[in-house]
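Please look through the model shown here before reading on. The paragraphs below are meant to be read beside it.

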Amino acid sequence: MSYDVTVIGSGPGGYVAAIRCAQLGLKTAIIEKYDTLGGTCLNVGCIPSKALLDSTEHFHNAETTFKEHGININKPKADLGQMIKRKDGVVKATCDGIDYLMKKNKIDVFHGVGSFRDKNTIIVDGKKKEEIETDKVIIATGSKPSSLPFIKIDKKRVITSTEALKLKEIPKHMIIIGGGVIGMELGSVYARLGSKITVVEFLDSIIPTMDKTMGKELQKATKKLGFEFLLSHKVYEVKTSAKEVVVKAESTKGEKVEVKGDYCLVSIGRRAYTDGLGLDKVGIPTDKAGRVEVNDHLQTNVPNIYAIGDVIKGAMLAHKAEEEGTLVAESIVGQKPHINYLLIPGVVYTWPEVASVGYTEEQLKEDGRAYKTGSFPYKALGRARASMDIDGLVKVLADKNTDEILGMHIIGARAADMIAAGVTAMEYRASAEDVARMSHAHPTYMEAVKEACLAATENRPIHI
Amino acid sequence: MSLAMKVPAVGESITEVTISQWLKKDGDIVEMDEVICELESDKATFELTAEAAGKLIVKAEEGDTLEIGAVICEIDDSAAPKKDEPKEEKTEKTESKPEATGEVHEMKVPAVGESITEVTISSWMKNDGDVVALDEPIAEIESDKATFELTAEVAGKLQILAKEGDTLEIGAPICKIEVMEGVSASDAPSSSSSSEEKSSADSTSSDSYAAGHPSPAAAKILSEKGIDPSDVKGTGKDGRITKEDAEAAQKQTTQKTASESQPASTDSSERGQRREKMTSLRKTISKRLVSVKNETAMLTTFNEVNMKPIMDIRSKYKEKFKEKYEVGLGFMSFFTKACCIALQEWPAVNGQIDDEEMVYSDYCDVSIAVSTPRGLVVPVIRNAEKLSFEGIEKEIIRLATRARDGKLSIDEMQGGTFTITNGGIFGSMLSTPIINAPQSAILGMHNIVQRPIAENGEVVIRPVMYLALSYDHRIIDGRESVSFLVRVKELLEDPTRLLIGI
């Protein structure tokens, strides 16, 4: 068989690349190691975690706010088995959707491990061994949870995000190593179900890549859920017995602590996954972090081979991979697309949600850029009070001289959806006043964005 | 990835082309739409433009003859130039800062074409005091025939002498340039890319930081067209470049390539020779000219024309004509008209020999010789006998523009019955033109010179043009040719005859 393009990996980067290639008239094949398409995002990442986050959020509301809303029910009982079953249904429906999209776009799907024989030949090792001749190759093999050398992931007590999405019981005390996005999201799931959560984070803030205000606010909000935090703590030992995990950590000041729990979630990040791909056969190098090296066109040192998504540098985000998939497909046919990496938003699906785009205040300070800040709290919003979602704020950073929006950071209900407005504004290089002068429907959460922009413009919010 | 570029279909009945010249070398980084190569068919020369930006991989040598559809080169767009990567040529040139040499060069209105005596400055593309590079377009000049760009004759600081809208005679000073050394195009800020100038020159576009910022879709389109966003005027809020702006944007014409492609002038103290391959256009021209000389019985008859009456009519009606028809009243319409009348009276001059037969046409398809950078071309004014003065002038402008841009189709150059050529634009007093085969006669116009002539027994000074008619004696007798030329003279010296047909 011979193709114009072969995509290895069917996650959001790979399948989007394949569809865009097919749309552009290229004969396209996609290779997936697992039985279902969709990669980490659909199977063990974004989608299943959101399914559990939504279920547990409902449960949490039933426990905490229904009474205030005037809904009297018996004390609700969490059925984790049902939650996980529902999640599996959501995952299956979404993965089936990808199967449909492949058929619709006449993309040939191969199941098996794809590896290079040479730069134009891919071996698919599945139920049978097949060989694909191809003009171009897109590596989209994604990433795997990473760990520390001294931690043994037994997948029973010491687990990764993959196992955390299918636990059989609600943990009594889950120790989470790493206060990043994954740790905070999965911690929220179990905190809402009653687990005690202890987050051990090496840095001095949770979600450390985001604006510091966001980390601080999220820490406050999750503390209410029963999270405990050990910030600036370095884990140096994880011991397991049949029913217990003991995590030992040391603070930057040298104080040693020992935390005992029944589960330990290791969520210190993910690493690029290229095992068995045979990069050595074609001479493509990887960097220290194991990532495939690419140029600005996402092309490897072998000109007909491209790489996208988690397997290359940059934020490990599904939507970043999707943009890259599109970019490569269009580049292959000679178009000249461009990605503005600064404007790829980051989102944390806790409740309140956190979403952010552009520069953080810390980055602007470090760059010595003259900026101004405007923020507006959710609790001053009529809409937020009506729904009892008053935790959160919108923070807008703008250039001190030109008023151009340089960053938008939101923590609060529906932040994940609202951040798109920030991306749009910033793609057009809107000023804070531009957004402040646009009509925002009332009553909505988006009014907080408008008010924060008013505050950034010349500190003249209306409702505070 | 590499994009293979193939020889495009350039015209019916053309099956192969020859590569006359590579304007870019193997390994050069080329921009999209940049002219990379000159191709020739036996009929005309074409420019091949890059279909993508990137590194050029030449697949065929100069002189190679390729079939339509054959791969001529590849462009590796992975090597497309990046913004922040200064091009080689720029770095070379910008090493030295421009330095004034103290010399001031005066630029005059150049002789721009057939019988054009004056031009109007339609716009200055540079401001007074701007630093301009050699061959950089500095002004747009309009004659009654066409608009063209005036390019800087030396590099340096511009001093404008004539304002926009001024009408100047050929040879009148138009600007001065204080000669500076080491000026490159990158030193000379172009009025479109300099935001400072923009804000001072154009008060409507605000000085917003976002002016010229392309939307995501616009950025992609511009990138694919190879256009720098700074060359596009944004119509969006605060001067942002919208998708529509990007779609409408056109690449600045590759003005530079013409000058760049010229061989570097050799040092005057050295003696040298240069050998160039004949282009196939040049080969075709030479073959045909020699065969005309060999196969026809060609000779030339002369006469002279007092141009005063026509010049009087022109100066009297020039403005009104232009106002009404939006085209200048030139000499060519008078000559074409006069020839058409004379051709119909002396059909042999309009005829041609086809093997053992003689063909006479009752229409006059007049070929006009136009000099282009690639050589002489002769587009045809069809049914010139039926056209008004206005119609002729407009057709000439259309054909001359297309000729200059190298866009003439083969149809537009074939099938004339008679040719007019004007050596006068280059200053020729008298010449014996060669017939444009298979036609039988050609009229040569020459320069207009104030000469003493006898009028009613008195010596007077009149603007006089000598006319030459070369003809094929095999089909045209002396009586016919001479009478034809006398008739043309009569009609030109007394243009009222054109009106009443006497």
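This is a predicted model: local features need pLDDT of at least 70, side-chain atom pairs count only at pLDDT 80 or more; totals for chains, interfaces and linings use all residues.

Residues are numbered from 1 along each chain as its sequence is written, and chains are lettered from A and ligands numbered from 1 in the order in which they are written.

Chain B holds eleven helices and 27 strands, where helices (H or I, at least four residues) and strands (E, at least two) are DSSP runs numbered from the N terminus. Of the 502 residues in chain B, 34% are buried, a residue being buried if 20 or more other C-beta atoms, placed from the backbone, lie within 10 Å of its own, exposed if 12 or fewer, and partly exposed in between. Among the contacts in chain B between residues at least 6 apart in sequence, 65% join residues at least 24 apart; two residues are in contact if their C-beta atoms, placed from the backbone, lie within 7 Å.

Where the chains touch, 15 residues of chain B meet 14 residues of chain A. On the chain B side, helix α3 (residues 216-225) of chain B gives the largest share, five residues.

In chain A, strand β6 (residues 129-139) pairs in the parallel sense with strand β1 (residues 2-8) over six bridges, and two strands pair if DSSP finds at least two bridges between them. In this pairing, A:Tyr3 stands opposite A:Thr134 in β6(A). Strand β5 (residues 121-125) of chain A runs antiparallel to β6(A), joined by five bridges, and a hairpin of three residues links β5(A) to β6(A). Strand β17 (residues 305-307) of chain A runs parallel to β6(A) with three bridges, and A:Ile139 has A:Ala307 in β17(A) as its bridge partner.

Helix α9 (residues 389-404) of chain B has 16 residues, which at 1.5 Å a residue should span 22 Å, in agreement with the 22 Å between its end C-alpha atoms; the expected span is 1.5 Å times one less than the number of residues. Among the buried residues of α9(B) are B:Ile392, B:Ile396, B:Leu399 and B:Ala403. The elements that cover the buried residues of α9(B) include α8 (331-345) and β20 (366-368) of chain B. After α9(B) comes B:Gly406, whose phi is positive, near 70°.
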